[in-house]
Amino acid sequence: MMVGGPVLQATQAAREAAYTSAVVECQQGHPRRYIESYLKINPAAGMERPGLVTRFKFMPTQDAMYARTFGAIRGYNEGFKAVIAKSRDVYATSLFMGALPFAFAVCNPGVRVLCMIDNEDKFKSVIAPMLRGFYENLDEDEMGVARPKFVHWDTEVIEFSFVGQGIQANSFIKFASSKSVNAPRSYKPKLFVFSEAGFADRGNEGELYESVDNAIGVSGWAIFESTANGPAGTFYKRYRAYKEGREMGKAIFVPFYEDPLKRLAKGSALYEWHMRD
């Protein structure tokens with residue numbers, strides 16, 4: 001129920017309409033407007049440096065990764081699988097382990113997101129503070145509506161509750177180790193993200209990829225991203241299979257020079273070396 005005079009009510013109604021529109025876009029598989037309009041991030045998350053919170057804006061490398069994954073789909077039920085081979089310092093973690101899982105969880109009642117990561121220290125020092133910061137910095141005045149209720153938070157599951165307007169459902173972001181090869185199959189996520197997949201235990205990674213394939217079906221989204229770790233293992237084999245068209249999926253290469261500040265001149269020896277097949 002809106003309170004205040006006509007001007008205040010009109011402002012609140014406009015904010016609510018804008019927020020609803022961004023949420024609907026996210027529910028259709030396009031979360032970028034929601035992320036850039038409502039998520040705020042502390043670049044020094046986990047470093048106890050208050051006052052640095054700023055609105056999440058896509059970096060050029062994030063823009064490139066998003067455009068080739070979610071930016072290319074036509075709707076929520078259009079699934080895809082992508083293997084992203086990237087350089088270091090392309091800001092993949094804040095996008096794929098932070099903003100995207102959070103946006104889908106808070107915009108889609110009942111959705112399940114599964115994130116795989118083997119570095120527990122990175123989760124505790126970077127990812128967990130980032131996700132908590134996203135939630136704590138959701139501005140209800142700016143959104144014009146109440147944020148979903150935070151239910152549960154630990155090192156394995158983040159849970160949000162949606163109640164009202166005929167909705168009563170919880171959404172989840174679950175974290176698991178790559179050693180949990182059956183986690184995708186049993187959890188059946190809509191969105192699956194594996195950070196630094198090229199460094200997975202090569203004793204069971206083939207079984208893990210098969211588990212993901214079975215879990216997401218034809219309408220789920222699976223993203224395996226990693227920096228280079230040699231021409232071996234399932235990550236490398238999948239990248240080549242997607243690139244060569246032997247399997248259905250997207251092979252995406254994101255070099256550090258997607259960032260204009262680090263861009264190399266086309267035709268230079270270093271540019272040609274990075275672009276070699």
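Which ring does the charged end of arginine 112 sit over? Here are some friendly notes on that and a few other features of the model.

1. **Charges over rings.** The ring is that of tyrosine 187, and the charged end of arginine 112 lies 5.0 Å from its centre. This is a predicted model, so please read the distances here as values computed from predicted coordinates. A lysine also takes part in this kind of arrangement: lysine 190 lies over the face of tyrosine 76, with 4.1 Å to the ring centre. On the aromatic side, the count of ring pairs comes to 21.

2. **The chain as a whole.** The chain has 277 residues, and 46% of them are buried. Its secondary structure consists of ten helices and ten strands. Taking the contacts between residues at least 6 apart in sequence, 68% join residues at least 24 apart.

3. **Helices α4 and α5.** Helix α4 covers residues 92-107 and helix α5 covers residues 120-136; their axes come within 10 Å and cross at roughly 40°. The crossing of α4 past α5 is right-handed. On the α4 side, the contact is made by Thr93, Ser94, Met97, Gly98, Ala99 and Phe102. From α5 come Lys122, Ile127, Met130, Leu131, Phe134 and Tyr135. Sorted by class, this contact has eight nonpolar residues, three polar and one charged.

4. **Phenylalanine 96.** Staying with α4, this helix is also where phenylalanine 96 is placed. Why is phenylalanine 96 counted as buried? Its relative accessibility is 0%, and the cut-off for buried is under 20%. Beyond its neighbours within four places in sequence, phenylalanine 96 is in contact with Met65, Thr69, Ile84, Pro101, Val193, Ile223 and Glu225.

5. **Helix α9.** Is helix α9 (residues 233-243) mostly covered or mostly uncovered? Helix α9 is mostly covered, with eight of its eleven residues buried. Those buried are Gly233, Thr234, Phe235, Arg238, Tyr239, Arg240, Ala241 and Tyr242. Both helix and strand elements contribute to the cover, which includes α8 (205-216) as well as β3 (80-86), β9 (221-227) and β10 (250-254). After α9 comes glycine 245, which has a positive phi, near 75°.

How values were computed:
Residues are numbered from 1 along each chain as its sequence is written. This is a predicted model: local features need pLDDT of at least 70, side-chain atom pairs count only at pLDDT 80 or more; totals for chains, interfaces and linings use all residues. Side-chain values use heavy atoms; hydrogens and water are left out. Axes are lines fitted to C-alpha atoms, for helices over the stretch in contact, and angles run from 0 to 180 degrees between N-to-C directions. Helices (H or I, at least four residues) and strands (E, at least two) are DSSP runs, numbered from the N terminus. A crossing is left-handed if the near helix is turned anticlockwise from the far one by less than a right angle, and right-handed if clockwise. Contact means heavy atoms within 4.5 Å. Ala, Val, Leu, Ile, Met, Phe, Trp, Tyr, Cys and Pro count as nonpolar, Asp, Glu, Lys and Arg as charged, and the others, Gly among them, as polar. Rings of Phe, Tyr and Trp (its six-membered ring) pair if their centres lie within 6.5 Å; planes under 30 degrees apart count as stacked, over 60 as edge-to-face and the rest as tilted. A charge sits over a ring if NZ of Lys or CZ of Arg is within 6 Å of the ring centre and within 35 degrees of the ring normal. Buried means under 20% relative accessible area, exposed over 50%, partly exposed in between (1.4 Å probe, protein chains only).
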